[in-house]
Amino acid sequence: MVKYNSENISSKVNWTGKIISIQPRTRVWRYLTDNRTHYHLGYNLFIEGQSSDYKKQFTVAISEKQQLKGLFRIGDLLEGTAWTKKYNEKEFADYYRAGSLKLLDRVNETIEVLSPPWIMVPPTMQIYEERGARLLSKSLWKTKCFKCIWANMANVEIQWDFDRNIKKYRFESFCYGPKSCKNYKMGRPRTVPYKNRGSALDDGYLDELCTEGRDEND
Ligand code: SF4
């Protein structure tokens, strides 16, 4: 079921502010515990600043092409345009279809070497895709992991009824970082509901499949 925002329309905004985190933007399709597929769409810029609809902290979705061109990183002061989201349940970012991106100042030229968290220019979508993700505790995502390039808040769609193609939506936190990261905690197992039956449980089993291509320290 999709709830619409109050007006169910998208409007253009201008925004400016400092990047406080940059993470991959993804969509995850879930079907019981048999399938968890991650699609890598671009990046989410978490911004502290100002937007023309009066937000002071907001998230802007940008494309991979925009990121490759600007090589944005934490500390950058940016301005741009974007559109408000239509469907609150489907999209974590506040704004998408960003445009006219302009770097106003780059204070953070040096790359932090002390990790975790990994604070640097994030890798390409292909790298995220190849690495695969594990469940990450939501409270860690909000705190110790927030600035890490491997942290991710995914737009999740759960296939709730295959025959009528009905989906349910929510957001889930994941980690693409090294399995040996000392900050890592999986958090609670996640239920995956399906029509007319008890929920299945994603208890980390799928993490092994999703990240089978790398070992502890990759
Ligand atoms: S647990 Fe994952 S997201 Fe958090 S600091 Fe470690 S690698 Fe980064």
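This is a predicted model: local features need pLDDT of at least 70, side-chain atom pairs count only at pLDDT 80 or more; totals for chains, interfaces and linings use all residues.

Biologist: Why is Y87 called partly exposed?

Modeller: Y87 has 14 other C-beta atoms within 10 Å; a residue is buried at 20 or more and exposed at 12 or fewer, with partly exposed in between, and therefore Y87, with its 14, is partly exposed.

Biologist: What makes E172 buried or exposed?

Modeller: E172, which belongs to strand β8, has 22 C-beta neighbours inside 10 Å, and because 20 or more are required for the label, E172 counts as buried. Its contacts, leaving aside neighbours within four places in sequence, are V28, A154, V156 and R190. The C-alpha atoms of E172 and R27 are 9.8 Å apart, although 145 residues separate the two in sequence.

Biologist: Which residues have the most contacts inside the largest nonpolar core?

Modeller: They are I19, L45, V60, Y95, L136 and C175, in a core of 46 residues. In soluble globular proteins, nonpolar side chains tend to be buried together. I19 shows how such a residue is surrounded: not counting residues up to four places away in sequence, I19 touches L45, F46, I47, F72, R73, I74, G75, D76 and L78.

Biologist: How do you know that β1 and β2 pair, and in which sense do they run?

Modeller: Pairing needs at least two bridges, and β1 (residues 12–31) is joined to strand β2 (residues 35–51) by 16 bridges, so the two strands pair, and they run antiparallel. I19, already met in the core, stands opposite I47 in β2. The hairpin of β1 and β2 has 3 residues between the strands, and L32 takes a positive phi near 45° there.

Biologist: Which other strands pair with β1?

Modeller: β1 pairs with β4 in the antiparallel sense over 7 bridges, with K18 having L77 in β4 as its bridge partner. With strand β7 (residues 151–161), β1 pairs in the parallel sense over 4 bridges, and R30 stands opposite I158 in β7.

Biologist: What makes N165 and S100 stand out in their backbone?

Modeller: Most residues other than glycine have a negative phi, and most peptide bonds are trans. N165 has a positive phi of about 50° although it is not a glycine, and N165 lies in the turn of the hairpin that β7 and β8 form with 4 residues between them. S100, in strand β5, likewise has a positive phi, near 50°, and is a residue other than glycine. A cis peptide bond, with omega of about -5°, joins P116 and P117, and P117 is placed in the loop between β5 and α2 (125–131).

Biologist: Why are N165 and S100 called exposed?

Modeller: The label applies at 12 or fewer other C-beta atoms within 10 Å; N165 has 8 and S100 has 9, so each counts as exposed.

Biologist: What is found around the ligand?

Modeller: There are 13 residues around the ligand, of which C145, C148, C175, G177 and C181 come nearest. By class, the shell has 11 nonpolar, 2 polar and no charged residues.

Biologist: Why is the protein chain called as compact as a globular protein of its length?

Modeller: The protein chain comes to 4 helices and 10 strands. Its radius of gyration is 18 Å, which is close to the 17 Å that the globule rule gives for 218 residues, and therefore the chain is as compact as a globular protein of that length. Along its principal axes, the C-alpha trace spans about 50 × 45 × 25 Å, and 34% of the 218 residues count as buried. Among contacts with a separation of 6 or more, 70% are accounted for by residues 24 or more positions apart.

Technical notes: Residues are numbered from 1 along each chain as its sequence is written. A residue is near a molecule or strand if its C-beta atom, placed from the backbone, lies within 6 Å of it. Ala, Val, Leu, Ile, Met, Phe, Trp, Tyr, Cys and Pro count as nonpolar, Asp, Glu, Lys and Arg as charged, and the others, Gly among them, as polar. A nonpolar core is a set of buried Ala, Val, Leu, Ile, Met, Phe, Trp, Tyr and Cys residues joined through C-beta atoms within 7 Å. Two residues are in contact if their C-beta atoms, placed from the backbone, lie within 7 Å. The radius of gyration is taken over C-alpha atoms; the globule rule is 2.2 Å times the number of residues to the power 0.38.
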